[in-house]
Amino acid sequence: MDPLPVIDCSGVANTYLGATTIFNPSVTVGTAPYNFAWELGDGGFSTDSVALYEYGSTGFYDTSVEVTDDFGCSATCD
């Protein structure tokens, strides 16, 4: 059995209004290539490995990313 991906989601930059927020996770376990499914907390989504997103207003947003590896194993980071 293949191990589940392990994701570090601490790589977030530009967390202020008017800037493009950068979500840059690090996957340390799993088998590449990886598929990414981002939920950005205000209805926005992305399938990019590094999500770039500009929020329309200030506030706190619950974001998460599900990473699925080449063998179909997945893990979520939020």
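Ring pairs link Tyr-53, Tyr-55 and Tyr-61 into a cluster. Bear in mind that this is a predicted model, where local features need pLDDT of at least 70, side-chain atom pairs count only at pLDDT 80 or more, and totals for chains, interfaces and linings use all residues. Residues are numbered from 1 along each chain as its sequence is written, and side-chain values use heavy atoms, with hydrogens and water left out.

**Aromatic pairs**

- Rings of Phe, Tyr and Trp (its six-membered ring) pair if their centres lie within 6.5 Å; planes under 30 degrees apart are called stacked, over 60 edge-to-face, and the rest tilted. By this rule the count comes to three aromatic pairs.
- Take Phe-23 and Trp-38: their ring centres sit 5.5 Å apart with the planes at 40 degrees, so this pair goes down as tilted.
- That pair links distant parts of the chain, with Phe-23 in strand E3 (residues 21-23) and Trp-38 in strand E5 (residues 35-39), 15 residues apart. Strands (E, at least two residues) and helices (H or I, at least four) are DSSP runs, numbered from the N terminus.
- Both Phe-23 and Trp-38 are buried. Here buried means under 20% relative accessible area, exposed means over 50%, and partly exposed is in between (1.4 Å probe, protein chains only).
- Tyr-53 and Tyr-55 make an edge-to-face pair, 4.9 Å centre to centre with 75 degrees between the planes.
- Tyr-55 has a relative accessible area of 11%, so it counts as buried.

**Cysteines**

- There's one disulfide in the structure, a disulfide being a pair of cysteine sulfur atoms within 2.5 Å.
- The disulfide joins Cys-9 to Cys-77, with 2.2 Å from S to S.
- Cys-9 lies in the loop between strand E1 (6-8) and strand E2 (12-13), while Cys-77 is in strand E9 (residues 74-77), so the bond ties together parts that are 68 residues apart in sequence.

**An open sheet**

- Three strands form an open sheet in the order E2-E3-E7, with antiparallel pairing; two strands pair if DSSP finds at least two bridges between them.
- E2 and strand E7 (51-53) stand at the edges with a single partner strand each, so one side of each has no neighbour in the sheet.
- E3 and E7 pair in the antiparallel sense over three bridges.
- Phe-23 turns up again here: its bridge partner in E7 is Ala-51.

**Two residues to look up**

- Ser-64 is found in strand E8 (residues 64-68), and it's buried, with a relative accessible area of 19%.
- What does Ser-64 touch, not counting residues up to four places away in sequence? Its contacts (heavy atoms within 4.5 Å) are Ala-37, Trp-38, Glu-39, Thr-76, Cys-77 and Asp-78.
- Gly-43 sits in the loop between E5 and strand E6 (45-46). Gly-43 is exposed, with a relative accessible area of 69%.
- Gly-43 and Gly-11 are 32 residues apart in sequence and 21 Å apart in space, C-alpha to C-alpha.
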